[in-house]
2 protein chains.
Amino acid sequence: MGVTIKDVAKAAGVAPSTVSRVIADNPRISPATKKRVRKAMKELGYHPNVNARSLVNSSTQAIGVVMPSSADKALQNPFFPEVLRGISAVAHDLEYSLLLSTGETEDEILEGVQRMVYGNRVDGIMLLYSRINDKVTQFLQEKAFPFVIVGKPCQDADRISHVDNDNVRASKEITEHLIELGHENIAFIGGSPDLAVTIDRLNGYREALIQHGMSVKEEYIIHTEFLKSGGRKAVHELFSLDLPPSGLVIADDLMALGVVNMLEEFGLYVPEDISIVSFNNVYLSEITRPPLTTVDIQIYELGSQACKCLVEKVKNKDEPAKRIIIPFRIKHRFSTQLKGEATTKEA
Amino acid sequence: MGVTIKDVAKAAGVAPSTVSRVIADNPRISPATKKRVRKAMKELGYHPNVNARSLVNSSTQAIGVVMPSSADKALQNPFFPEVLRGISAVAHDLEYSLLLSTGETEDEILEGVQRMVYGNRVDGIMLLYSRINDKVTQFLQEKAFPFVIVGKPCQDADRISHVDNDNVRASKEITEHLIELGHENIAFIGGSPDLAVTIDRLNGYREALIQHGMSVKEEYIIHTEFLKSGGRKAVHELFSLDLPPSGLVIADDLMALGVVNMLEEFGLYVPEDISIVSFNNVYLSEITRPPLTTVDIQIYELGSQACKCLVEKVKNKDEPAKRIIIPFRIKHRFSTQLKGEATTKEA
DNA sequence: CTGAAAGCGCTAACAT
DNA sequence: ATGTTAGCGCTTTCAG
């Protein structure tokens with residue numbers, strides 16, 4: 001159905017191999033023939049068949065992007081479209097295609113990944129999450145298949161290329177912001193404790209408290225899967241404590257948004273009654289009421305750097321493992337307030 | 001690097017062609033040899049090379065998924081991860097891979113699509129948006145490349161397979177809900193007027209008004225790109241009118257969420273001061289305050305049906321063009337109120 | 001029921 | 001600077 005290299009060769013009066021060389025812009029072809037061949041390609045509407053090419057150089061010019069399980073609502077986090085934008089931009093630039101893989105369960109995801117690598121569909125893989133005891137990571141490591149993680153590997157961090165923020169420092173700083181505002185009872189709400197990102201952010205929170213001579217209480221730390229009924233219960237309990245917190249460090253903007261709304265149900269307002277800070281600086285955090293004070297982790301950059309890094313690794317197998325830390329910055333908005341400050345609600 | 005069909009053949013003491021037939025589960029191979037060959041495959045850890053296979057039968061077992069431009073914030077709409085979930089589920093089932101394509105500009109997107117089809121990377125393409133004068137659609141039609149649209153084609157709707165909701169009816173019904181509640185001044189806020197979905201929803205709104213003897217005023221219809229500064233201005237103007245609306249039909253949950261918050265800034269509360277209804281029933285619409293009355297369009301179903309439809313078309317080139325309408329249902333929640341009803345704010 | 005051989009579209013030695 | 005040839009891993013006639 002398509003026009004092949006032979007057709008072009010015939011039309012240009014050269015051998016197929018010459019055409020191939022023209023495609024690769026081989027310097028040993030005379031400018032004259034190059035021009036002639038290119039003209040023929042144009043006229044015939046020739047486009048190389050990537051499968052044929054992949055077959056011979058066993059390289060696909062495609063990378064696989066692995067999303068976390070779609071079972072929980074995690075996938076709905078605007079984090080993903082935003083990393084994808086970053087990834088996509090450099091992939092497009094470098095002329096790489098993107099294979100996407102998700103699944104409801106961990107096993108489904110693993111299957112998807114295996115299909116990609118065993119079938120020679122991709123040259124490298126990018127993981128958009130990092131959790132402990134992850135089968136996908138293990139599989140990729142065993143096979144020594146090129147991959148990079150967006151986030152921090154839970155093991156062998158110095159042998160796995162990854163691009164991440166310094167989440168513990170970010171968390172420490174944003175917690176300190178709350179402390180500086182005079183809050184003395186600060187709780188932490190995070191996602192699954194299996195996720196590297198949750199662990200780091202929790203640790204930063206802990207460090208801040210300890211360094212400021214505050215005790216870290218276990219009942220102030222709650223883990224919840226993105227605000228299902230279980231999440232509501234946990235938050236409810238937190239505010240039923242004898243000494244409820246007046247400040248909240250929440251590991252994710254979307255969660256924060258849910259918490260704000262839930263709190264309102266209980267008659268508690270942000271920031272008048274309680275100050276919250278969160279992470280990611282997703283678009284939603286700007287337009288919600290109140291606009292959220294959050295740490296901007298530069299999601300787009302995370303994605304684009306990861307893609308660049310992966311392609312380098314793919315092109316040069318013995319590129320060393322890299323760790324790339326994307327700087328964060330705190331976005332001060334309106335979800336925090338000096339502890340005990342007179343209420344300024346104007347509505 | 002990989003174990004090939006020849007290795008398996010040798011190990012099983014058969015010819016490569018036999019192995020190939022075993023893979024295809026050809027009935028003319030004796031059960032005995034099948035078993036023997038399968039055993040050899042297992043032992044050697046054989047996995048077919050899809051590129052080789054693609055090359056010979058010019059079929060890739062992959063489909064391309066085209067997202068709209070990532071330039072505006074549209075991509076951040078949870079609609080997309082949710083369709084993707086649906087698509088992904090059936091793709092996984094049918095053993096198809098997903099190639100993803102986006103871009104900042106329309107041309108970038110077109111380039112991506114061309115790379116997919118010219119390079120023989122995919123067997124079919126799924127468009128996740130529908131806008132008038134879309135180059136991608138035109139390209140695909142010219143090339144007679146198999147594709148389906150999630151949404152309604154702006155042209156040749158009977159020649160292009162698509163899966164959609166009856167958006168005009170949905171919009172009519174939800175507008176009527178507002179009318180039944182006693183609202184007499186109802187405005188419409190939608191996205192780009194180039195999008196099929198905006199057009200349909202606007203038309204449904206119009207129909208409802210007309211059918212109920214209400215006049216449709218142009219100053220009550222506003223189009224805004226997902227709440228940028230321009231959007232704020234438009235909403236502001238709307239509520240500066242001599243006769244501001246008491247009801248709002250908003251073409252998208254996410255937009256609705258933005259509007260609710262913006263309104264609050266102006267000192268207007270939902271639903272006490274103004275009732276709003278929207279579309280999509282995205283997860284966010286449940287957890288926001290107030291929970292939104294919205295039409296559930298069954299996004300997941302939209303995706304899974306579209307994928308099924310595309311694969312059928314891909315497998316059988318002269319499958320007729322289909323139109324699949326996914327039923328909607330209205331989710332009644334708390335963003336609407338009887339016009340003039342006593343305020344019941346309990347906070 | 002199974003094997004031999006050709007060929008999918010392209011690249012990469014190896015010639016010339 | 002260009003042509004010839006072999007072969008990537010697989011499927012598919014065509015024989016037997």
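**Group meeting: the interface of chains A and B**

Across the interface of chain A and chain B, the rule finds 20 residue pairs in polar contact, both residues at pLDDT 80 or more. A polar contact here is a pair of N or O atoms within 3.5 Å; within protein, one must be able to donate a hydrogen and the other to accept it, and residues adjacent in sequence count only if both atoms are side-chain atoms.

Helix 5 of chain A gives the most to the side of chain A that touches chain B, with seven residues. Helices and strands are DSSP runs numbered from the N terminus (H or I, at least four residues, for helices; E, at least two, for strands).

Some ground rules. This is a predicted model, where local features need pLDDT of at least 70 and side-chain atom pairs count only at pLDDT 80 or more, while totals for chains, interfaces and linings use all residues. Residues are numbered from 1 along each chain as its sequence is written, chains are lettered from A and ligands numbered from 1 in the order in which they are written, and side-chain values use heavy atoms, with hydrogens and water left out.

Back to the interface. 55 residues of chain A are in contact with 55 residues of chain B, contact meaning heavy atoms within 4.5 Å. The two chains bury about 5100 Å² between them, 54% of it on carbon and sulfur atoms. Buried area is the accessible area (1.4 Å probe) that two parts lose on being put together, summed over both.

The rule also finds two salt bridges across this interface, a salt bridge being a side-chain nitrogen of Lys or Arg within 4 Å of a carboxyl oxygen of Asp or Glu. Glu104(B) forms a salt bridge with Arg85(A), with the closest N and O atoms 3.2 Å apart.

Now some backbone details. A cis peptide bond joins Val270(A) and Pro271(A), with omega about 5°; Pro271(A) is in the loop between helix 11 and strand 9 of chain A. In chain B, a cis peptide bond joins Val270(B) and Pro271(B), again with omega about 5°.

Two residues other than glycine have positive phi in chain B: Glu95(B), near 60°, and Asn281(B), near 55°. Which of them is buried, and which partly exposed? Asn281(B) counts as buried because its relative accessibility is 16%, and Glu95(B) is partly exposed at 46%. The cut-offs are under 20% relative accessible area for buried, over 50% for exposed, and partly exposed in between (1.4 Å probe, protein chains only).
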